[in-house]
Amino acid sequence: MRLLGPVQACAGGRPVNLGPRKQRLMLAVLALEVNQVVPMDRLVELMWPQSPPRTAVHAVQVCASRLRAALTSPTARPDEQLELIGHGGGYVLRTDPMAIDAHRFLALVEQARSAGDDRARMSLLDKALALWTGPALSGSAPAELSDRLCRGLEETRLAAAEDRLEVRLRLGLHRESLAELTALAAAHPTRARPTELLMTALYRAGRAADALSVYREARHLLAEELGLDPGAELQRLEVAILRGDPSLDLPETLPPKDLPSDDTSGAPRPALPPPAAALLPPAAALLPP
């Protein structure tokens, strides 16, 4: 089942018609909280956030009945089995969490954090991020509700994208990552980490002036829009670039694209910020004062 984009399900290898928007939203809520009972009052509140009709409970029951019929298929593979059950005044979706892309994404990100080398870590992050086909719950929930339900997933997606790009820089792929880093920094101009990674990649590509220009633009944006100064890490990076600090370079004794996964050479590691946490609170999206 897919939640990381349009809400979709398959049975017997074929797409299932999940019905109208509210029906898809109900299934998405149950899938996000898979194998846990979601109370009726929570389903009503999410499906009618403004003013639920007097018939809301009955409408939820009708949605559940139609979804149950749609998801029932004798030809469904074991990894496609989705069982919707009424339980304790609510509903629960019973299935293997790994049958749902959102839970599979979180599992891959967690595996990447404990991977023993950078190439394995990048492969796992590639697989995790490839599960996304658009904004979570696209077409099934209003933007405000989607943000409320999936903010943690979206933050984890952004942190995973940053982690992946940091790994690419450690592997010497700074030139190949410039376009992606530029787009990420532009999409999140007040977030420190994409700016730091972009500046580092530009410096290693022999474009120190461009790296400093990125810093000046970030500083101006923060001052104009938020009344903040760049964070301490970003300021230290600017100073390191101005000085041509050797800690910003890849070890010269090794070909950049053939760097070992774990550095046993004794050479200093590139000066990059530490990996982000899995779920960043909304305030972490801003550069610290």
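Leaving aside its neighbours within four places in sequence, which residues is Met26 in contact with? Keep in mind that this is a predicted model. Met26 touches Leu43, Met47, Val60, Cys63, Ala64, Leu67 and Tyr91.

Now the core. The largest nonpolar core has 55 residues. Met1, Leu3, Met26, Leu43, Val60, Tyr91 and Phe105 touch the most other members. H1 gives the most, with 7 residues. There is also a second, separate core of 23 residues. Leu178, Leu197, Met199 and Val214 are among its members.

Next, helix H2, residues 40-47. Its buried residues are Met40, Leu43, Val44, Leu46 and Met47. Look down the axis of H2: those residues fall within an arc of 170°, so they line one face of the helix. What do they pack against? Three helices come up here by name: H1 (21-32), H3 (56-71) and H6 (143-170). Strands E3 (38-39) and E5 (90-94) are on the list too.

That brings us to the sheet. It is open, with 3 strands in the order E3-E5-E4, and the pairing is antiparallel. E3 and E4 (83-87) are the edge strands, each pairing on one side only. Between E3 and E5 there are 2 bridges. Val38 has Tyr91 in E5 as its bridge partner. H3 packs on this sheet and touches E4 and E5. The direction of H3 makes about 150° with that of E4.

Methods: Residues numbered from 1 in each chain as written. Predicted model: local features only at pLDDT ≥ 70, side-chain atom pairs only at ≥ 80, totals over all residues. Heavy atoms only, no water. Buried < 20%, exposed > 50% of the residue type's maximum accessible area, 1.4 Å probe, protein only. Helix = DSSP H or I, 4+ residues; strand = E, 2+ residues; numbered from the N terminus. Arc of directions from axis to C-beta. Contact = heavy atoms within 4.5 Å. Pairing = 2+ DSSP bridges. Axes fitted to C-alpha atoms, helices over the stretch in contact; angles between N-to-C directions. Core = buried A, V, L, I, M, F, W, Y, C linked by side-chain atoms within 4.5 Å.
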